[in-house]
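Here's a quick tour for anyone meeting this structure for the first time. Have a look at it, then read on.

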Amino acid sequence: MQTAEVSEKVVFALKKVQVNHHNSCLFGEISFNLVAGEILTIMGPSGCGKSTLLAAISGSLSSVFTFTGGIYLHGRSLGKLPMAARNVGVQFQEDLLFPHLNVEGNLLFSLARGDRLKRKEKVRQALRSAGLEGFEHKDVAALSGGQKARVGLLRTLLAEPELLLLDEPFSRLDQKLRDDFRAFVFKQIEWLKIPALLVSHDIQDCQNQRFLNLVTGNIETYQI
Amino acid sequence: MVMVRLLAFKIFIAVVFVLPIAFGLIGTWLPAFGYFPSIGRNSFSWQPLLSMLSHPSTVSSIETTVLTGLLSTFLAFLISQWLCMGLYQGSSWRWLNRFVGPLLAVPHLAFAIGLSFLLSPSGWIVRLISPSITGFVLPPDWLLVNDTLGLSLSLGLVLKEVPFFLLMSMAAMAGLNTDKTLQVAASLGYSHHQAWCKLIFPQIYSQLRLPIVAVLSYSLSVVDLSIVLGPVAPSTFSVLIIQWFGDADLNFRLLGAAGTVLLLVMLILSIGLLFMLEKILRSLAAEWLVYGAVKKKNWWCCFTSAWLARTSALFILLISLLSIVVLLINSFSQQWRFPNFLPSAWSLKYWIKSWHQLVEPLLNTAIIGFSSALIALVLSVVLLEWQSRSMTGQKKQKAAVSKRLLWLIYIPMLVPQVSFLFGIQVLVIGLGLEGNFAVLIWSHLLFVLPYSYLSLSQVYLRYDNRYLQLAEILSGSRLKSLFKIKLLMLLKPLAFSFAVGFSVSVTQYLPSLYVGAGRVSTLTLETVALATGSDDRVTSVFSLWQFALPLIVYILAIAIPRFYFRHCKGM
Amino acid sequence: MLFASSKISKLKYRSSMIAGLAFLFASSQIFANSELWHKTLKEAQGQTVYFNAWGGSQTINDYIRWAADQVEQQYQVTVKHVKVTETGDVVSKILAEKMAGRSENGSVDLVWINGENFKAMKENGLLAKAYTQQLPNYALVDVENKPSIAFDFTTPVDNQEAPWGMAQLVFMHDTAHLKHPPTSVETLLPILEKNLGRFSYPALPNFYGTTFVKQALIELIQDKALLSKPVDPEKFAEVTLPLWEYLDKLHPLMWREGRSFPKNAEQMKKLLNNSELFIAFTFNPNDTSNAIENDELPSSVKTYVHAGGTLGNTHFVAIPYNANASAGAKVLANFLMSPQAQLHKASPKIWGDPTVLAMGKLTEQDRQGFANLPLGVATLNASELGKVLLEPHSSWVTALETVWQARYAK
């Protein structure tokens, strides 16, 4: 039943998704499709349930919430899968780098198993792509805010997720860093050809001025 | 100004904690090297060490001691970590949190007495199935308790130390972003258990190193638990030392003193072994940590099931509970012989009789426990506040210094009590302070402070000092802000730390014996004296009192903050 | 008659006491003694005596509390019972005081002691000078017929400790499981073959364990005369051979096959109550009756002794060299030897500890009091208790312990 209506091009789809808390809905039914490389920004006032929606998609929804509707990634229904089996990458506001591992360790951690040297090479390349060449053996606590954010994102991406969720990833960075990092993120997503959902308050984070208004439940376009 | 304060602090720590212990060690070591003028030995020699080593019981006694010490420490640690992994985020985590306190309040001695009554061939478990299932009209002649390998002792130690490790792990986890870390790992394709082993455990381990050493030291040098559950001929090494110290032939005291030297050496070697093992494991695990997620299920997945962890936690709780229940029944029994499952005659006599000899020790125990726990709490807060300020002030070097200083506080917890208390006794008598209440409180404080500090430090240091800064700006008073904002917000952990300290004080036996000089009777002194007698009923009554006192404090420690903040959901 | 009633007023009591003393001690030497004693009594008033005594038995603790009350009322001396786990701890405390140079104001005023501990304290000068001859009630003690009062485990007492009670090794057996008890250590073996694992003794150096081994040695050694002399290290292995051969045969038949041992006499009693053991032993001939009375043992338990007699000794109270309240301690020691205290102590309902007094030296009334004491339900009478064997020379203890540990506690 789940794959019938999904077209070839659509990678990720939400169908009539609702999240309830104590029998009251947080927002109206949400439905949308995303294709590879597409970034959809979710906007709405604080407390409208943006992070909760991401939690429902990633599989980390707290047990006080219940959720209805369908979540499909490459045609697979994610609804009942444990978080570890969804293959959905999550990037939080905080960097959440593991303090007991160095930069290389943090990145190796998310790489799939395989040949030791090849994995190390992958990390090296990833660091170079982020302008962090030679940072392998640095202690994560010694990094600057922007460097931490980039290592964090690299870590999420090296796990080769099929969908990327970004929960206000730029909000802790200052304006200059924010622009740099946004460009970096968008480039990576484009390059990986995966859909992404981005929770934000900043209109500049919207790709093509499109965004999901969680209050109305519609995809709207921001008019300049 | 800061330097002066640091110096003053160092001197304070040295005078209060290090000097007396150094003196105690020397006072105990002198006889070990033959110098003991009290019995006419005025010259130094290796003789006591040699006689101690060649005593027929020494070698096998050390073997069992090391075996039980290492085995029980290792198992208790493993089980506690496994329970944390299996139960965290589960429905049982909450009640585990709630039961850790009361479990810690069960004094070792009371627990051991109850446990031996549960497990022995004429004990409660065999009675439950006798004669109906087993057909036993007489208790079987099985060597279950006091076995020669020390397995029953190890079991007792494991059951008693798992709650302590759980408490310490919970405290360590409070300093991490555990939930979010697990989420990140899950989004990277890691199962809960892999994520725990690779991310949470390595991070909390550094906080658990000290508790491990403390438990190791305790397991190697425990006396009361070992007398009740340990092997008899020969006994564990610490019991052998106590035996030598108590031998009517005074020359054996030299052997006892020599034994304490060896015990300390054993402990240092064991700690060295532990650190070496840690280093090896760490280098072996470095690769494994970042090896990537395992997607398929492993053969050991049955061990990771929450069900098994829950059952084990329940089992530990049940055994501890039954040990107390057995004591309770015993205290109300008049006659209770094998194979009766319940006493054949009941009586209130022993509770009523105990009352008039209970008041004084009960009061003393409460006052000493209250004072030492309170002083320890105040000292812990001062230390931690100082630490937390120096951490935010980016004075890294100073923070490192304070860390080294903190090890000094831990010394009384790490060095076996028998190896310095005789020397302390001489010191206290030399100063004419024996039986002095304040000195007795100080001697308890030595052992209470490390536990009190350890149970508070993580939560305290994690506190968001911005609340305090804000309060200081608003009120203009540092002290007022500290008391009215920070400490009040931390009321729950502060109360809990107080309860931990109190229960540590209540169970102290040797300090009360050596420093109290028979002038101050405490519940534990009375209980241990009664435990050498034949009347289980009276012993049970006193053991239960010894348990009730810390239990009440634990319950208050949980109830008072809850009542105080009953209208504040955020607390 | 000295202590007719504790309820009489202090004034009246004091005058009657002085009159009583004058009446009792006619000779001038004793009169001088009584003057000294009068001084001691005066000095003791208001003192607090810390009596360090084993606190493991409620029965004994209760008795000591009674004695403390009496001494408080009669002599205005406060007695505090320091409940001791092991006498060795008390010795340690006094040693520490000596090490710290505390030659007065010590923390121990009176200690319950005997045997090896007494010997050690005496030899190392930890005891006060001879004092028992000053105590009026010492004149009533049966020094003539009870040899262990003058020689405590063969160590001359030299008036440095006051006798408190008599002890004799008696065995208990549960008649519900074992009708006919052994009559010697030898006959214990065939009985255990039929009742495997139902006997044990505490591991040495426990006092009771050592006692059992000494008892076995006395019964098994060829030349019993050797035991009253110091050990001859050359011949020790040879003369004790029968003992070790016996123990080698006994241990496999014992509780837990001799791989574990009860911790002390008290634990043996608990094991007897639960039928883990059929035989146990004690040093107080009245212990069994007392335990039955207290429901610590079933009424089927009876007492027996070996045909060739059993070890007997005396337990004492001693004053350390640096005691703070030595006058008070003397008053307490004297009271503990008084007919009133001894009679109370000998009552099977109270403690049942045999008296150290000589019946012939007592007043008719006191003698009658002792004669009227009921015999406990499981207590043997004087003739059934049989012969009292004297303790071997104290040097045997260490020698036996060392070999025992090398053989059985390795």
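In chain B, the axes of helix H3 (residues 58-87) and helix H13 (residues 306-331) come within 9 Å and cross at roughly 130°. That makes H3(B) oblique to H13(B), oblique being what is left once angles under 35 degrees (roughly parallel), over 145 (roughly antiparallel) and 65 to 115 (roughly perpendicular) are taken out. The crossing is left-handed. Here's who makes the contact, where contact means C-beta atoms, placed from the backbone, within 7 Å:

| Helix | Residues in the contact |
|---|---|
| H3(B) | B:Ile79, B:Trp82, B:Leu83, B:Gly86, B:Leu87 |
| H13(B) | B:Ala306, B:Ala309, B:Arg310, B:Ser312, B:Ala313 |

By class, that's 7 nonpolar, 2 polar and 1 charged residues.

This is a predicted model: local features need pLDDT of at least 70, side-chain atom pairs count only at pLDDT 80 or more, and totals for chains, interfaces and linings use all residues. Residues are numbered from 1 along each chain as its sequence is written, while chains are lettered from A and ligands numbered from 1 in the order in which they are written.

Now for the two chains together. 18 residues of chain B are in contact with 22 residues of chain A. On the chain B side, helix H8 (178-187) and helix H9 (192-221) each give two or more residues, with H8(B) giving the largest share, 6 residues. That side divides into 9 nonpolar, 8 polar and 1 charged.

Over in chain A, A:Lys193 sits in the loop between helix H5 (175-192) and strand E9 (196-199). A:Lys193 is exposed (12 or fewer other C-beta atoms within 10 Å), because it has 11. Beyond its neighbours within four places in sequence, A:Lys193 is in contact with A:Ala36 and A:Gly37.

Key: Axes are lines fitted to C-alpha atoms, for helices over the stretch in contact, and angles run from 0 to 180 degrees between N-to-C directions. Helices (H or I, at least four residues) and strands (E, at least two) are DSSP runs, numbered from the N terminus. A crossing is left-handed if the near helix is turned anticlockwise from the far one by less than a right angle, and right-handed if clockwise. Two residues are in contact if their C-beta atoms, placed from the backbone, lie within 7 Å. Ala, Val, Leu, Ile, Met, Phe, Trp, Tyr, Cys and Pro count as nonpolar, Asp, Glu, Lys and Arg as charged, and the others, Gly among them, as polar. A residue is buried if 20 or more other C-beta atoms lie within 10 Å of its own, exposed if 12 or fewer, and partly exposed in between; C-beta atoms are placed from the backbone.
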